[in-house]
Amino acid sequence: MPEPLLAPETLGVDTSWTRREIHQQPETLRATQALLRDRQAEIEAFIAPLIARPELRIILTGAGTSAFIGECLAPWLSGMLGRPVEAIATTDIVSTPSLYLRADAPTLLVSFGRSGSSPESLAAVDLVDAIICEAYHLIVTCNAEGELAQRTSGNTRVVVLPEATHDRGFAMTSSFSAMMLAALSILGGIAALDTRGPAIAATVGDVLTRCEPLVASLAMRGFKRVVYLGSSVFKGLAREAALKLMELSDGAVVTAFDTALGFRHGPKTIVNADTLVVVFVSNDPLTRRYDLDIIEELRSDGRCGALAVISAQPGDGANIAIAGMADAVDADLLFPFIVPAQLFGLHVSLALGLTPDRPNASGTVNRIVQGVRIYAAHI
């Protein structure tokens, strides 16, 4: 096992659900994989005939973090399946269904939901059934008691993940990684991921052990702005990382996300001495060159307060090196790469004197969204 990134230091005592749920991810990833293996025949009997149809439209959906699962996976699944896979948030589908749903296109809607009871998640499923002539649903949820989990019609397959993934903390952590692994397995082939799943879980455990001292020390520096940069599948991950910090800091830290190439086109103006920039480095040889270019440019500029590089390649001089995954595909790196961002959000929350499980002091933002009115769509 690699040496710790920093000498061990006192990280403080934090017994929050948020911390437990971040640290339980090796176990919940293994439990998710075991559950899928047990249900493999049933799940694949539903999914395989649908994916075999070239005219089938595949939409990955959810709200907030659940939507970002789709943004992470859609580029990878599109390439692997050789067909378009779209990530469209439930919040977009519900507000303007006419732009996103086509009545004559057979559609598989893959819905992600921690609670499975968000108003937009339920409304999106209803709209797809009402508008699309031939609709199918794969529901991946962490809550057996949620309303999505009760959808048991013939055109629907529900996969309820292990109870531990139903995060009690405000910010989604183990639910995010478990639902992402489930979708990657189901749509990419459960047997195919079986050989990679153990390595993913083991690497997540290694990163949890090694990176927390560095992350805790960065959190104590009081950055006012944090930018996450990632290309391809890591653009969705950068968005999720930015949201985690925004949620856990109760909006006290300004966050942004972009791609390595896109960052130069205006967003780079956010960088100053109070800015931490975090770069997720791709294993894809071409994409990686662009990631390394922006790292070199940021170092040359000398304007950011700190630069954190997360990479699986030994030669990248990463602050947070992901050991043993130099040959991994980028989809597998999604899981260890998100861990430092989750831990950073947690430690910033603690440094600000907040309660990580309930960081929103005003009470205007809730674990399960409230106050959403669903209006009738003109179908």
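Helices (H or I, at least four residues) and strands (E, at least two) are DSSP runs, numbered from the N terminus. The model shown in every view is predicted.

**View 1. The loop between α11 and β7, at Asp250.**
Asp250 belongs to the loop that joins α11 to β7 (254-258). Its phi is positive, about 55°, although Asp250 is not a glycine. Asp250 follows helix α11. With a relative accessible area of 30%, Asp250 is partly exposed, as this term covers values between 20% and 50%.

**View 2. Helix α11 and its buried residues.**
The 16 residues of α11 reach 23 Å from the first C-alpha to the last, close to the 22 Å expected at 1.5 Å a residue. Twelve of these 16 residues are buried, so α11 is largely enclosed by the rest of the structure. The buried set includes the nonpolar residues Val233, Phe234, Leu237, Leu245 and Leu248. Glu240, Lys244 and Glu247 are also among the buried residues of α11.

**View 3. The loops on either side of β6.**
Between β6 and α11 lies the loop that holds Ser232. Ser232 has a positive phi near 55° and is a residue other than glycine. The relative accessible area of Ser232 is 41%, which means that it is partly exposed. Met220 is in the loop between α10 (197-219) and β6. Met220 is exposed, at a relative accessible area of 63%. From Met220 to Ser231 the separation is eleven residues in sequence and 28 Å in space, C-alpha to C-alpha.

Tyr228 and Phe280 are both buried. One aromatic cluster is formed by Tyr228, Phe234, Phe280 and Phe337.

**View 4. The largest nonpolar core and a separate core.**
In soluble globular proteins, nonpolar side chains tend to be buried together. The largest nonpolar core has 84 residues, of which Leu60, Tyr228 and Phe344 touch the most other members. Helix α13 (residues 330-351) contributes twelve residues to this core, the most of any element. Beyond its neighbours within four places in sequence, Phe344 is in contact with Val215, Leu218, Ala219, Val226, Tyr228, Leu245 and Leu276. Another core, of 19 residues, lies apart from the largest one and includes Ile88, Ile93, Leu101 and Ala135.

**View 5. Leu343 in helix α13.**
Leu343 is placed in helix α13. Its relative accessible area is 0%, so Leu343 is buried. Not counting residues up to four places away in sequence, Leu343 touches Ile22, His23, Leu208, Cys211, Glu212 and Val215. Leu343 and Leu245 are separated by 98 residues in sequence and by 9.3 Å in space, C-alpha to C-alpha.

**View 7**
At 1.5 Å a residue, the 17 residues of helix α4 (residues 65-81) should span 24 Å, and the end C-alpha atoms are 24 Å apart, which agrees. The helix has a kink of about 40° at Leu73, shortly before the proline Pro75. Among the buried residues of α4 are Phe68, Ile69, Gly70, Cys72 and Leu73. The partners against which the buried residues of α4 pack are the strands β1 (57-61), β2 (85-87) and β3 (107-113) and the helices α8 (174-188), α11 (233-248) and α13. Just after α4 comes Gly82, with a positive phi of about 70°.

Arg19 sits in helix α1 (residues 17-23). Leaving out residues up to four places away in sequence, Arg19 touches Asp14, Glu212, Leu346 and His347. Arg19 and Pro356 are 337 residues apart in sequence, while their C-alpha atoms are 8.3 Å apart in space. Arg20 lies over the face of Trp17, at 4.5 Å from the ring centre.

Technical notes: Residues are numbered from 1 along each chain as its sequence is written. This is a predicted model: local features need pLDDT of at least 70, side-chain atom pairs count only at pLDDT 80 or more; totals for chains, interfaces and linings use all residues. Side-chain values use heavy atoms; hydrogens and water are left out. Buried means under 20% relative accessible area, exposed over 50%, partly exposed in between (1.4 Å probe, protein chains only). Rings of Phe, Tyr and Trp (its six-membered ring) pair if their centres lie within 6.5 Å; planes under 30 degrees apart count as stacked, over 60 as edge-to-face and the rest as tilted. A charge sits over a ring if NZ of Lys or CZ of Arg is within 6 Å of the ring centre and within 35 degrees of the ring normal. A nonpolar core is a set of buried Ala, Val, Leu, Ile, Met, Phe, Trp, Tyr and Cys residues joined through side-chain atoms within 4.5 Å. Contact means heavy atoms within 4.5 Å. The expected span of a helix is 1.5 Å times one less than its number of residues. The bend at a residue is the angle between axes fitted to the seven residues ending there and the seven starting there.
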